[in-house]
Amino acid sequence: MHQPRRRRRMLAVALTAAVALPALTAAGSPAATAYNEPYRPQIHYTLPDNWIGDPNGLVYRDGRYYLYSYGTWQGAVSSDLVHWQNIPVTGPQPDPGSSAFYSGSAVVDKDNTSGFGTPGHPPMVAYYTSQMANGDQTQSLAYSTDNGRTWTRYAANPVLDLHSQNFRDPKVFWYAPTHSWLMVITLSDQHKVSFYRSPDLKQWTHLSDFGPAGSTSGVWEMPDFYQLPVDGNPHNTKWVLSVSVGSTGVQYTTGEFDGTNFTSDDSATYNPPPGDPLDGYESGSYGNWTTTGTAFGTAPATGALPDQQPVTGNSGTYLANSYHGGDTSTGTLTSPAFTVTKPHLNFLVGGGHNPYTPDTVTYGTLPPGTVFEDFSGATYGTGWTSTGSFANSGPSSESLPGQISPNALDTFAPDGDPGTGAITSPTFTVNSPYIDLQIAGGNHPWGQAGPTAANLIIGGKVVATATGDNSPNLTWTNWDVNQYRGQQAQIQIVDESNGSTGWGHLMVGDILFADAPAKPWDTQTSVNLIVDGQVVRSATGANSENLDWTSWDMSDLVGKQAQIQIVDHSNGGWGHILADDFSLSNAPALDANQRAHWVDYGADFYAANTWNDTPSGQRVGIAWMNNWDYANQTPTTPWKGAETFPRTLSLRTIDGRVQLVQKPVDSLNALRTGPTFSAKNLTVSNTTTPLNVNGKTLELTAHLTAGTAGKFGLNIRTRAGQQYTQIGYDTHTGKLYLDRTHSGATAFSPAFPNVKTAPLALDHGAVTLHILVDASSVEVFADQGQVTLTDQIFPDTTSTGVSAFADNGTATLDTLKAWQLKSIWK
């Protein structure tokens, strides 16, 4: 609840009206910025300071590539896509009633169809989404007659208005076959892309819609649409439609476009691998499955139950559905014991996203102790004080998941996310070993800009702190305060977030002086595999009534006895589970995200877009190199975020399928400096071997052949084996992976230390890697470039080594070449 309708690229109009950037010195460095700060990218574009968002307004004109960030209308130009010069830009005035600019595109109106220029001096026309005060997203344009330095708002804006709060990010380009302009734009919450046509860039006619398709795990944003030859053959072309999906990444599909409709090459249906069925739901009975509680009723459901949204994705007539009695009902459904005979268990799952958690207690169980505050009154209670927006406020009557008392402290009241201030408890004596408190809301830790945090203050210092997890779910935080017994303390709830990045508020439930840490409550809606009385596999839904495939690797359990238990222990929102079609199989079923085609499989690749009007029809793309899970928490200053290194895109037939392939633009070669490092025919066995390569900014190409090793590859930005980012291949899963769990600074966000994977078949037992390493990022291009992974990393300046590794066997580094790269700023 309270989550902003749209948190992406959202900046206040006060920041966007007219922003001028510092001019560059003759040497190419911003006069006021050194560009040598810790973690400052040396081969990737960043703003001198402040936030950079999606790459917008990508257009080529008169030998220069233009790049804008519409949130603040800052811009830059480049003649080679590598060296960038910031330009002073005056953005357009916002539309009346508009509060923010969102992403979009730009074109050069060569024939002056819009009338904004003259035949000899065609205008540049920018398209963007305007956020209106009522939440609607409308499409607007501005034009420039001075090469993109000054933008004038079109007086007749908006040019498109569907009165929708999920209609955004127009990509506009010239479509020669109909001698008209074409626009692709997203209906974000519907997971659709709409196509429009215009003769003059001002009047638009709707043509068609495409979607839902592929991944729908998040809202659709930032569409792009372009035509490419297949295998370099100009007589065999495909259209590529790409769209960003929530924070998941950027997916694409190839297909045909007839000027009105886009038809994808992908099949509309998915057939999972065949298997031996385990459930008997299609009989209309649970058969030998047993139930407890009331949630699953007495028999399988035939779809949605009373008051439930439509259920989709189930493969037959019947399915297990725990919505009997609504979300408040609970229960279990357990299969008879069976023998695991095949290496995979495939099934469909939907419903609530409430994962199984070990070592939990029954919902509502509290540790021994006393309640310090439950916010059950109309005010914060005797001795509590409040400042700022909360000076005259009190607890809110709510029903948050996990809430015990009828009220909770919620800093969303009374001014919404923009409200800031503090709420402080009376002084108390610490006389218990633990202070346990329920917390929810924004993930903005203490010590970073704009915190939403609960702090324990002793002696004027914060000695313990907690923040939310960007959800309304009240979960327990436990402070061990044994060392402070007998001392005077206060609890202070601080909200200094204005909500510009989402979830700018904090909720606090009961606060206990307890004898033990409060254990998490069991609120799972899960499908669990039980072996020897223990849960050894688990899956949950995605807060959706659509069932999707999941698969468990059971190869280590073949021959053992097991049971499936479907559990509903949640009585809150999305407190139900859907399951169907369990079968043992020799191959895994793939979910929608796994079946989708991804432009990049890394954690930090989003909002990809390509330049219009590039020379010779070359298609060059770039993306925002960041992730909304931690974009505001990365340890960089005075800038936040970067763009990826520009990539040349093409289509190739690989393994019988037309795939998008990428490579860094050729002008990367101009950055190579110093000697070339090389290695050949190096066999690595159960060890890590340092290589004669060193640098913070590197380009590497490597060819590695699998031997008997379970995993093998390269480590970059290494230091004494303690700090490294690992680029490896897992022979068991058949996946390339990028592991940054030991990459350096990772503690600034729990979402940051992770391992990203991409499916990739070995090519004659080998893998080829092309790697770009920068001060705070790594980009990996595998084999022909059909698989890429992009991640931010924040290593120490002393972590500059490179090594080869092989785990549980041998592998061979056939060839390695490496170059140090010059800074684009010096």
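**An open sheet and its salt bridges**

In this predicted model, four strands form an open sheet in the order E6-E7-E8-E9, with antiparallel pairing; strands here are DSSP runs of E of at least two residues, numbered from the N terminus, and two of them pair if DSSP finds at least two bridges between them. Strand E6 (98–108) and strand E9 (152–153) stand at the edges, and because each has a single partner strand, one side of each is left without a neighbour in the sheet. Strand E7 (residues 124–132) and strand E8 (residues 137–144) run antiparallel and are joined by 8 bridges, and within this pairing Val125 has Tyr143 of E8 as its bridge partner. Strands of a sheet pair in general through backbone hydrogen bonds, in either a parallel or an antiparallel manner.

Residues are numbered from 1 along each chain as its sequence is written. Local features need pLDDT of at least 70, side-chain atom pairs count only at pLDDT 80 or more, and totals for chains, interfaces and linings use all residues, while side-chain values use heavy atoms, with hydrogens and water left out.

The mean pLDDT (the predictor's confidence in each residue, from 0 to 100) of the protein chain is 93, and 96% of its residues reach 70 or more. Over residues 1–31, by contrast, pLDDT stays under 50, and the model has 95 contacts (heavy atoms within 4.5 Å) beyond four places in sequence for this stretch.

Across the whole structure, a search finds 18 salt bridges, each being a side-chain nitrogen of Lys or Arg within 4 Å of a carboxyl oxygen of Asp or Glu. One of them joins the side chains of Arg153 and Asp95 at 3.5 Å, N to O. Arg153 lies in strand E9 and Asp95 in the loop between strand E5 (85–87) and E6, so the pair ties together parts that are 58 residues apart in sequence. Arg153 is partly exposed, with a relative accessible area of 23%, whereas Asp95 is buried at 4%; buried means under 20% relative accessible area, exposed over 50%, and partly exposed in between (1.4 Å probe, protein chains only).

A salt bridge of 3.1 Å, N to O, is formed by the side chains of Lys519 and Asp359. Lys519 sits in the loop between strand E35 (506–514) and strand E36 (525–531), and Asp359 in the loop between strand E23 (344–351) and strand E24 (369–373), 160 residues apart. Lys519 is partly exposed at 38%, and Asp359 is exposed at 55%. Elsewhere, Lys238, Glu256 and Asp265 are linked in a network of salt bridges.
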